[in-house]
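Here are my notes on the model you sent over. Have it open while you read, and go through the points in order.

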Amino acid sequence: MKYATVFFQYIAQYLKSRLTYRTDMVVEIVSDLLFQAVNLVFILVVFDHTSFLNGWTREEIIFIYGFFLVPFAIFGAFFNIWDFNERYIMKGEMDRILTRPIHSLFQIILERMELESLFGMITGIFVMFYAGRQLDISFSWYDPFIFITLALGGAFVYAAIFVLIASISFWSDSPTSIMPMMYNIGNYGRYPVDIYNNVIRFILTWILPFAFVGVYPSAYFLGREEWYSYAFMTPVMGIVFFAVSVFVWNVGVTKYRGAGN
Amino acid sequence: MAKYIEMIRIRFLMMLAYRTNYYSGILIYSINIGAYYFLWNAIYGDKGAIEGMTAIQMTSYVAIAWMARAFYYNNIDREIAQEIKEGKVAVEFIRPYNYLFMKMMQGLGEGIFRLSFFSIPGMIIVALVFPITFSAEPAVWLLFALSLIFSFTINMQINLLTGILTFFFFNNAGLIRAKRVIIDLFSGLLLPISFYPGWAQHVMGYLPFQAISYIPSMIFTESFTGTEIVNAIFFQILWALILIAPIQVLWLIAKKQLVVQGG
């Protein structure tokens with residue numbers, strides 16, 4: 001209960017501070033839309049020159065991209081802690097976090113919220129509906145629930161990977177640029193993983209499981225039965241990976257020694 | 001002039017202090033190029049050539065486009081925005097140099113650093129892993145180098161413009177991000193301009209962005225030949241000259257209505 005109250009108070013504060021620079025907020029939302037459009041343009045232009053990507057049609061790839069946008073938006077709104085090392089470890093801000101009465105990771109999530117990202121969910125659902133209509137996908141009454149479960153599972157997979165990498169900073173505070181790399185690798189999960197070689201496919205499934213954010217869960221809606229077992233594993237992967245990442249984070253916090261001043 | 005050269009040197013040395021960061025940077029770029037390699041292979045399937053480019057030319061295009069990006073890309077727009085927000089820009093105004101030119105030189109220092117510690121070793125590593133063709137003609141390399149200088153200049157000018165706009169918007173993180181997305185798409189970094197539908201190519205012909213990535217990459221992969229190269233470089237020169245005007249105008253207006261928020 002306390003956590004919920006704190007959460008909503010932070011959201012209220014966040015909205016106030018964002019509304020101070022309205023023009024910038026609008027530009028930011030537009031630039032998010034642009035960013036989503038760029039990837040779509042890439043797919044559209046590429047399919048001008050080919051009709052199949054390893055047996056997948058244009059609409060299927062667009063559908064996967066639309067699905068990917070939903071968990072990615074949830075991740076972007078709450079777990080986008082790519083600058084954790086710089087902001088909290090190197091500047092010693094973590095000291096302050098540890099004096100707060102709520103869990104340290106939750107406190108950081110509250111401070112680093114970027115609610116504008118949630119607009120990406122609308123784009124994603126819109127893109128999925130467009131592609132779904134072209135593909136004549138029929139939805140059952142239970143599909144929305146499955147969609148929510150899979151999308152949340154994907155968001156937790158994404159979040160877990162970033163929390164795990166942020167946790168590295170507790171042991172080694174030297175600056176690394178692993179974080180931006182994760183955004184790039186995350187993009188791999190948007191394309192059917194069978195276009196990659198086996199090593200990359202294995203990594204994307206079991207080590208950095210970005211395939212569970214895009215292509216595997218989408219396979220359920222696209223009726224690719226050979227990947228159903230992967231699709232239904234998405235929430236399990238999300239819960240397991242996130243639990244592991246919180247555990248590693250908790251261990252990391254005990255190793256934190258503070259940096260300077 | 002000596003003081004500007006000193007600026008290049010100082011920024012170069014500053015980057016050198018953090019060079020360990022760059023080894024993981026090479027890995028990032030290689031992984032990125034790898035992703036595109038598999039993706040393009042899937043796109044090509046068993047087609048020999050698309051829009052006159054073979055699959056190997058395409059891999060080389062992607063590799064050189066990303067490695068060249070390390071040279072021309074910088075965060076000078078963000079630095080200018082930061083200095084304006086913190087009020088530091090007021091001090092910069094009274095210093096005995098041209099602020100914008102000084103920023104440009106700092107960007108060049110960064111670019112030269114990345115070119116020598118990042119792009120060149122990175123390109124060698126990438127060439128070992130993926131099939132990439134290098135031209136045997138010294139003239140191609142020379143023209144590529146020339147077009148790369150202009151791609152740096154034009155990207156820098158666009159950065160300066162974005163940075164100066166902070167004077168009017170106060171907070172322009174969103175604009176900076178939008179600019180980056182537009183450049184990624186319209187410069188030909190993600191897709192060669194020749195892949196776009198005709199009308200889009202026509203529109204992009206009136207915009208400066210393809211001078212940043214498309215032109216040097218096409219020259220490098222020898223997809224441009226003869227008069228195409230000459231026209232492309234003239235296109236770059238023209239835009240480098242045109243862009244001077246809006247920068248100067250905005251800069252004059254900005255100086256007049258400067259509001260220092262702190263510092």
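1. One definition before anything else: two residues are in contact if their C-beta atoms, placed from the backbone, lie within 7 Å. With that in hand, look at chain A: of its contacts with a separation of 6 or more, 80% are between residues 24 or more positions apart. Bear in mind throughout that this is a predicted model.

2. What is chain A built from? Helices: there are twelve of them, and zero strands. Read from the N terminus, the order is α-α-α-α-α-α-α-α-α-α-α-α. The radius of gyration of chain A comes out at 19 Å, close to the 18 Å that the globule rule gives for 261 residues, so chain A is as compact as a globular protein of that length.

3. Now pick out a helix pair in chain A. Helix 8 (residues 143–171) and helix 9 (residues 178–188) of chain A have axes 10 Å apart and pack at an angle of about 160°. Angles over 145 degrees count as roughly antiparallel, and therefore helix 8 and helix 9 of chain A are roughly antiparallel to each other. Their crossing is right-handed. On the helix 8 side you'll find Y158(A), I161(A), F162(A) and I165(A), which meet I178(A), M179(A), M182(A) and G186(A) of helix 9. By residue class, this contact has seven nonpolar, one polar and no charged.

4. Over to chain B, where helix 7 (residues 138–164) and helix 12 (residues 227–242) cross at roughly 25°, their axes coming within 9 Å. Helix 7 and helix 12 of chain B are therefore roughly parallel to each other, and helix 7 passes helix 12 in a left-handed crossing. Helix 7 of chain B brings L143(B), L146(B), S147(B), F150(B), T153(B) and I154(B) to the contact, while helix 12 brings I229(B), A232(B), I233(B), Q236(B), I237(B), W239(B) and A240(B). Sorted by class, those residues are ten nonpolar, three polar and no charged.

5. Helix 7 of chain B also packs against helix 6 (residues 99–129) of chain B, at an angle of about 130° and with the axes 11 Å apart. That angle makes helix 6 oblique to helix 7 in chain B. The crossing of helix 6 and helix 7 of chain B is right-handed. L100(B), K103(B), M104(B), G107(B) and G111(B) of helix 6 make the contact with F152(B), M156(B) and L160(B) of helix 7.

6. Last, the interface. How many residues of each chain take part? On chain B, 33 residues are in contact with 32 residues of chain A. Helix 2 (20–44) and helix 9 (173–186) of chain B each supply at least two residues of the side that touches chain A. Helix 2 of chain B gives the most to that side, with twelve residues. As for residue classes, the side of chain B that touches chain A divides into 22 nonpolar, eight polar and three charged.

Methods
Residues are numbered from 1 along each chain as its sequence is written. Chains are lettered from A and ligands numbered from 1 in the order in which they are written. This is a predicted model: local features need pLDDT of at least 70, side-chain atom pairs count only at pLDDT 80 or more; totals for chains, interfaces and linings use all residues. Helices (H or I, at least four residues) and strands (E, at least two) are DSSP runs, numbered from the N terminus. Ala, Val, Leu, Ile, Met, Phe, Trp, Tyr, Cys and Pro count as nonpolar, Asp, Glu, Lys and Arg as charged, and the others, Gly among them, as polar. The radius of gyration is taken over C-alpha atoms; the globule rule is 2.2 Å times the number of residues to the power 0.38. Axes are lines fitted to C-alpha atoms, for helices over the stretch in contact, and angles run from 0 to 180 degrees between N-to-C directions. Angles under 35 degrees count as roughly parallel, over 145 as roughly antiparallel, 65 to 115 as roughly perpendicular and the rest as oblique. A crossing is left-handed if the near helix is turned anticlockwise from the far one by less than a right angle, and right-handed if clockwise.
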